[in-house]
Amino acid sequence: MVLPWTPARALVITVAVGAVVACNAGAASADGSTAQEQINTQLRQYPGGVQTSPNEISYKGGRVTLTIPAGTGAAVDPCATGAYCFYDGPDFTGRKLTFRDCGGWQYLTDYGFGNKTSSWTNATSNTVKVYDEDVSPRALLWTENPSTASANVGSAPYNKADSFLTYCP
Ligand SMILES: [Ca+2]
């Protein structure tokens with residue numbers, strides 16, 4: 001539909017934009033920023049990723065994915081089979097960092113995820129040992145056995161994980 005530009009039409013468009021803003025406001029995080037604003041901040045602070053959807057950034061050719069929830073308290077999709085995931089919130093809520101790879105040391109801090117993990121899922125046949133790097137020597141926080149999950153890592157290791165070592169069968 002093509003209409004000539006008139007003040008009346010401008011008013012309609014303004015109302016429509018207002019509706020979109022209101023909708024995005026519903027998807028804002030606790031600090032009031034939208035998913036897109038959070039993605040922009042993430043890409044600025046932790047470059048090297050590519051935005052692949054309205055709420056997702058892909059790093060390392062898709063081997064690492066950061067998913068931002070659609071709104072406060074909203075659940076992200078479950079951890080995919082063949083992947084292992086770290087969640088910012090308990091009960092698999094909040095930001096989700098997904099890994100689809102095998103072997104070696106990796107750092108959650110490379111993706112702005114240090115001192116954040118509260119729950120996790122390991123939907124692989126790998127074993128993942130998770131560590132706190134804020135103490136010396138680094139401290140083992142928990143071990144993720146194949147095909148297991150934790151809805152809450154517990155009070156002692158809560159928001160402490162910084163790195164992990166993945167063992168592949
Ligand atoms: Ca830590």
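User: If you number the bonded cysteines in sequence order, what is the pairing?
Analyst: Numbered in sequence order, the bonded cysteines of the protein pair 1-2, 3-4. A disulfide here is a pair of cysteine sulfur atoms within 2.5 Å. Before we go on: this is a predicted model, where local features need pLDDT of at least 70, side-chain atom pairs count only at pLDDT 80 or more, and totals for chains, interfaces and linings use all residues. Residues are numbered from 1 along each chain as its sequence is written, and side-chain values use heavy atoms, with hydrogens and water left out.

User: Thanks! How many disulfides does the structure hold, and which residues does the one with Cys-79 join?
Analyst: The structure holds two disulfides. One of them joins Cys-79 to Cys-85, with an S to S distance of 2.0 Å. The torsion about that S-S bond is about 85 degrees, so the disulfide of Cys-79 and Cys-85 is right-handed.

User: Are Cys-79 and Cys-85 buried or exposed?
Analyst: Both Cys-79 and Cys-85 are buried. Buried means under 20% relative accessible area, exposed means over 50%, and partly exposed is in between (1.4 Å probe, protein chains only).

User: And what does Cys-102 pair with?
Analyst: Cys-102 is joined to Cys-168 by a disulfide, S to S 1.8 Å. That pair links distant parts of the chain, 66 residues apart: Cys-102 is in the loop between strand S5 (96-99) and strand S6 (104-107), while Cys-168 is in the segment after strand S11 (163-167). Cys-102 is partly exposed, with a relative accessible area of 49%, and Cys-168 counts as partly exposed at 28%.

User: New topic. How many helices and strands are there in the protein?
Analyst: The protein has two helices and 11 strands. Helices (H or I, at least four residues) and strands (E, at least two) are DSSP runs, numbered from the N terminus. Along the sequence the pattern is α-α-β-β-β-β-β-β-β-β-β-β-β.

User: What is the strand order in the open sheet of four strands?
Analyst: The order is S6-S11-S8-S9, with antiparallel pairing. The edge strands are S6 and strand S9 (139-144), each pairing on one side only. Two strands pair if DSSP finds at least two bridges between them.

User: How many bridges does S8 make with S11?
Analyst: Strand S8 (residues 127-132) pairs with S11 in the antiparallel sense over five bridges. For example, Val-130 has Phe-164 in S11 as its bridge partner.

User: What about S8 and S9?
Analyst: S8 and S9 pair in the antiparallel sense over five bridges, and they form a hairpin with six residues between them. There, the bridge partner of Tyr-131 in S9 is Leu-140.

User: Let's look at the calcium ion. Which residues coordinate it?
Analyst: The calcium ion is coordinated by Asn-115 (OD1), Asp-132 (OD), Asp-134 (OD), Lys-160 (O), Asp-162 (OD) and Asp-162 (OD), at 2.2 to 2.9 Å. Donors are N, O and S atoms within 2.8 Å of the metal (3.2 Å for Na, K and Ca); water is not among the atoms, so sites may look incomplete.

User: Why is the arrangement irregular?
Analyst: The six donor atoms subtend angles of 48 to 174 degrees around the calcium ion, which makes the arrangement irregular. Six donors count as octahedral if opposite donors are over 155 degrees apart and all others between 65 and 115; four count as square planar by that test, or as tetrahedral if all angles lie between 85 and 135 degrees; anything else is irregular.

User: Which residues form the aromatic cluster?
Analyst: Tyr-59, Tyr-84, Phe-86, Phe-99, Tyr-111 and Phe-164 form one aromatic cluster.

Definitions and conventions. Rings of Phe, Tyr and Trp (its six-membered ring) pair if their centres lie within 6.5 Å; planes under 30 degrees apart count as stacked, over 60 as edge-to-face and the rest as tilted.
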